[in-house]
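Student: Could we go through the terms used for this model and set each one against its definition?

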Amino acid sequence: MQDKLCFGLYNNSTMKVEEKRILLWLLLCAHLFSGLANDALSYDYTASLECLEKPHKPQYGGGIILNPELNHGLKGWSAFGGAEMENRASGGNTFIVAHSRKQMNDSISQKLYLHKDKLYTFSAWIQVSSGNTPVTAVFRTNSGPQYAGAVFAESGCWSMLKGGLTVDSSGPAELYFESEDTSVEIWVDSISLQPFTQEQWTSHQDQSIEKTRKRKVRLQATDAHGNPIAGAKMAIKQNKLNFPFGSAISKYILSNTAYQNWFTSRFTVTVFENELKWYSTEWSRGKEDYSVPDAMLRFAKQHGLAVRGHNILWDNGNNQPSWVPSLSNSELQAAVDKRINSVVRRYSGQFIGWDVVNENLHFSFFESRLGAKATGVAFQKTRQLDGRTTLFMNEYDTIEKSGKGSASPDKYLQKLREIQSFLRGGGNLGIGLEGHFRTPNIPYMRSAIDKLAAAKFPIWITELDVDPSQPMHLDQVLREAHAHPAIHGIVMWAAWKPEGCFRMCLTDGNFRNTPTGDVVDKLLQQWTHAGLVGTTDADGFFETSLFHGDYEVTITHPTVTNSSLIHSFKVASSTDISPESALLVKVSA
C-alpha cells in the first residue's frame, strides 16, 4: 500500500514541480517506509560472488527504493549528469540503463530522504555493456558524496554490489552510480536501500552472537545414585574464552612484569608488531638474528597465547631491509627465497597463521622486480614448508573505506583467487583485514565482510585501531566484528613501547587503562561469564546460554557434603550443531 501511495504522489508531482513539493513527497515516503522496518526485521548477511544470467530479487523488497525491480517503467528514476536512460527487458527481466555517458558520474539516480540516526544497507545488481569495470554506488548529500560500495561489473551477466552508509545530518539525498569508463553503459536492477535503527542494528549483533559465539547449556545436578538434586546452587566460572581476541605486543613485554600481567589477564592471541619482520631479523645482509622473536614466542607459549606470524614479506618498498632495494633482480630472488626458507622453517607449525606478502594490493615491490607471479610463488613456497598453517593476505581499507579503492572487497577476492589458482586449489588460505579505522562506516563494514565471507575463507581482523581520541569508535568496530558470523578472531594493533604506540595505546606507561583500554575491558566483561550462579529446578536442571569456552562449575546444596567438588566442562563451537540444541552437562555430587 505504501509503495502505491508513494508512486501516486510521485506521479502527481513529477515534471516541473516546485522543489518544496518534491521535498514533502520525499519526507512522507521516508516516513511511510521507515514504518516497514520494525523491530522484527532481521539483517540479510548473504552476498553473491557469482556473475549471473539474471539478478536475484532485491534484498528487503527494495527497502525505501521506489520501483526497485523496474517493473513500473522508469517511475522514481531520473537521468543523472549528462546521461540518457531507458528501460529495457531481456529474458523476462526488466532493468534500467544509463547510456550516452560522457563523465564518470553520468548515470541514473533516485532522490531519497536519509536520516542521521539510521544505518543503511545498500545493494544492487550491476552489468555493463562491454568488458568489465568497477562501478560505484554514491549518495549525494548535503555534506558531500557518500560512497556506499563498489563492484567489478561485467558484460553479459549481473554482479551484486553490496554496501552501506550513514549520513552526518538528516536531509535530501540522491543515489547515483559512477564508472570511470565512460564508453560503457551502466545497467542496474534489483536495487535496495534498507534503513535500520540503532536498536535494530544492535539486535542483529545480539542475535548473531547467540547463534555463533554461544550455545545453550543444560546442567543437571545429581547425587551419587543418579537422582536429580532440586534447589542446588550452581556457581559457573569461565576459565577461557574460545573466541580469539588479543593485541600486538612489542619486545618490551619480555622484561616488564606489569606489561605481562596486564596483557595475559585479558587476551588469548597476539602478534609481534615488528620483531618478526625481515628488517628486524636480517638488518644486515647474511646476518640473521631470531633471538627476540624466539623469546617472544616462548613467552606466548608459557601463557597459552596463540600467535599470528607477521610477516614473511612486505610488498612496500619502503619497508625492506636497507640492503634489499639495491640488489639486482637475481640477487633479490635469492634473498627472498632464503628469507622464506629461513623464517618459515624455523617457526613451522608454531603460528596459527602467516601474513605471507603483506599489503600486496596497495604495493607491488616484489612483483615489479620479480614478475607478476611473485606473490603466488611466495604463497606456494610457504605452503610447501608449513602446509597446515593458514596463509593470509593482509590488507587495509577493505572494510575501513568504501568506494573503488585498490583494496576493495572485489579486488581483494580477485587477488585471492589468483593466489588460489596458482596453488591449484590447495593450501589453507585466509582473509586478513587490518582495520585501521578513521571514522567507521559500520553498515559498509558489515556488508564488506558479507561479501568477503561468501568466498568461504576464514576472516580475521588483524591490526585493529582507531583514533585514540575517539574511543567510541573502537567500541563500535569491536562490537560489529565480534558479532559478525564470518569473523574468526580479532587482533588489535596496540603494542606498548616506552616511546608510545603505533597509533592507539590501551594503557599508559604505568599500565593503567586509557579510554580505549576501558572499552576493551567493558567488552571483555560482556563477552565472558564471571560469577554466574543459578539454581536447579525440580528435575535438577539449570539452563543458560554460555559463550564458547572452558568452564568450571561448583555445586552447593545441604545434601552435598563435598562443597569443594569442582567439575570442568567445555562449550565448543561447531558448524554441525544447531544453535537451538542444548549441551547437556551432568554434574554428579
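Tutor: β5 (118-128), β7 (144-154), α3 (198-212) and α12 (471-483) each give at least two residues to the lining of the largest pocket, where helices (H or I, at least four residues) and strands (E, at least two) are DSSP runs numbered from the N terminus. This is a predicted model, in which local features need pLDDT of at least 70 and side-chain atom pairs count only at pLDDT 80 or more, while totals for chains, interfaces and linings use all residues. Residues are numbered from 1 along each chain as its sequence is written, and side-chain values use heavy atoms, with hydrogens and water left out.

Student: What makes the largest pocket, with a volume of about 770 Å³, a pocket by definition?

Tutor: On a 1 Å grid over the protein atoms alone, a cavity is a set of points where a 1.4 Å probe fits but cannot get out, whereas a pocket is an open set with protein on both sides within 12 Å along at least five of seven lines. The volume of about 770 Å³ is the space filled by probe spheres set on the points, which are joined across faces, edges and corners.

Student: Which residues that line the largest pocket are the closest to its centre?

Tutor: Of the 27 lining residues, these are T166, T439, P440, N441 and I442, and lining means having an atom within 4 Å of a point.

Student: How do you know that β13 and β14 pair?

Tutor: Two strands pair if DSSP finds at least two bridges between them; strand β13 (residues 245-249) and strand β14 (residues 269-272) have four, in the parallel sense, and therefore count as paired.
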